[in-house]
Amino acid sequence: MRRWLLAALLTLVALPAAAQTDRPIRVIMPLAAGSAVDVVVRIVAERMGETLGQRLAIENMTGASGMIGMRTGARAAPDGLTLLAVNDAVLTMLPNMNAQAGYDPLRDFAPIGQIVRIRWALVAHPSFAATTVAGLMEAARARPGQIDYASGGAGSPQHVAMEMFLQAAGLRMNHISYRGATPALTAVTAGQVPVGFFGLPTPNAFVRDGQLRLLGTAGPARIDTFPDAPTIAETLPGFTFHTWGAFLAPAGTPAPVVARINTALREAVNHPPVRTRLEQLGYEVVGNTPDAFAASLAADHATMGTLIRSAGITAE
């Protein structure tokens, strides 16, 4: 630990001239405010800013399921003053569905590090007749293609998660697309759409307040945040789904700058108050290195491409 802290300190001190500025670091987030990644990034960014001595200014840039923000970030100057805060959908899902995404997830960005893995939950409005995963499956089987579900857009992780569930269960439902996870969740909470898949902690408060019913979580085991909630796999054996949140920089960002930001990220997620807060919200802390993230990204991109093609999921 002492060696790591010393190396971190030296990395933070030995900065290229481009990084030595009082200007805030612009963080493009191609996701809606209040989404699972938005929540985690705002928690982590505050601590990172303290470590770096530069404020991280987060800019939500939604549209086209995140492609607008990704294109903007890919074209930004590689000077360490622009970063991207992303989920895996914009890197591993959308580019595998849309040849016209306008960016290459493996060539146009410099991986900095994954922040957390995000656990997912299938939720329903309390007025919906189904109170369990089995009940939802029974209802969808009785009314194929007639039950609506909400997502944050075509090709979004909410869309992919539900389509993977439907494929695994041999069911059909009707996709209602919104501009981001937060508007989609609002629609389910308001009863405009009966069900949806969302990354924790986005629906947590609504579940606790009784405005949403948690049908099941999508991990291999029950989670401490909702210990009484069954997993979907208890009804549909083998089904799991998770995503992650991460930081990127434009390709060509100098390696010392990437290392400096990664050091601040890893310090932030392991800072006891930050780590405790993340775990209380249901996140699984990661905080890996740029090389580890790059390897994971390449593997996830290939795996998700195979799953999307085999399940016939499209970005409409």
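Reply: The largest nonpolar core comprises 69 residues, and Val44, Phe165, Phe197 and Phe247 have the most contacts inside it. A nonpolar core is here a set of buried Ala, Val, Leu, Ile, Met, Phe, Trp, Tyr and Cys residues joined through side-chain atoms within 4.5 Å; buried means under 20% relative accessible area, exposed over 50%, and partly exposed in between, with a 1.4 Å probe and protein chains only. Another core, of 17 residues, lies apart from it and includes Met67, Met70, Ala101 and Leu297.

The model is predicted: local features need pLDDT of at least 70, side-chain atom pairs count only at pLDDT 80 or more, and totals for chains, interfaces and linings use all residues. Residues are numbered from 1 along each chain as its sequence is written, and side-chain values use heavy atoms, with hydrogens and water left out.

Phe165 also belongs, with Phe197 and Phe239, to one aromatic cluster. Among its contacts is Met137, which touches Phe165, Ala169, Leu171, Thr235 and Leu236, residues up to four places away in sequence not being counted; contact means heavy atoms within 4.5 Å. Met137 sits in helix H5 (residues 133-142), where helices (H or I, at least four residues) and strands (E, at least two) are DSSP runs numbered from the N terminus. Met137 counts as buried because its relative accessibility is 9%. Between Met137 and Phe165 there are 9.9 Å from C-alpha to C-alpha, at a sequence separation of 28 residues.

The structure holds 6 aromatic pairs. Rings of Phe, Tyr and Trp (its six-membered ring) pair if their centres lie within 6.5 Å; planes under 30 degrees apart count as stacked, over 60 as edge-to-face, and the rest as tilted. Trp120 and Phe241 form an edge-to-face pair, because their ring planes stand at 85 degrees, with centres 5.2 Å apart. This pair links distant parts of the chain, 121 residues apart: Trp120 is in strand S4 (residues 109-124), and Phe241 is in the loop between strand S8 (213-217) and strand S9 (242-250). Trp120 is buried at 3% relative accessible area, and Phe241 is buried at 5%. Trp244 and Phe293 are likewise edge-to-face, since their planes lie at 85 degrees, with 5.5 Å between ring centres. Here the partners are 49 residues apart, Trp244 in strand S9 and Phe293 in helix H11 (residues 290-311), and both are buried.

Helix H11 also packs against helix H4 (residues 89-97): their axes come within 8 Å and cross at roughly 40 degrees. Axes are lines fitted to C-alpha atoms, for helices over the stretch in contact, and angles run from 0 to 180 degrees between N-to-C directions. His301 counts as buried at 18% relative accessibility; beyond its neighbours within four places in sequence, His301 is in contact with Leu91, Thr92, Pro95, Asn96, Pro105 and Leu106.

H4 is largely enclosed by the rest of the structure, because 9 of its 9 residues are buried. The cover over the buried residues of H4 includes helix H3 (67-74), strand S3 (82-87), S4, helix H6 (157-169), S9 and H11.
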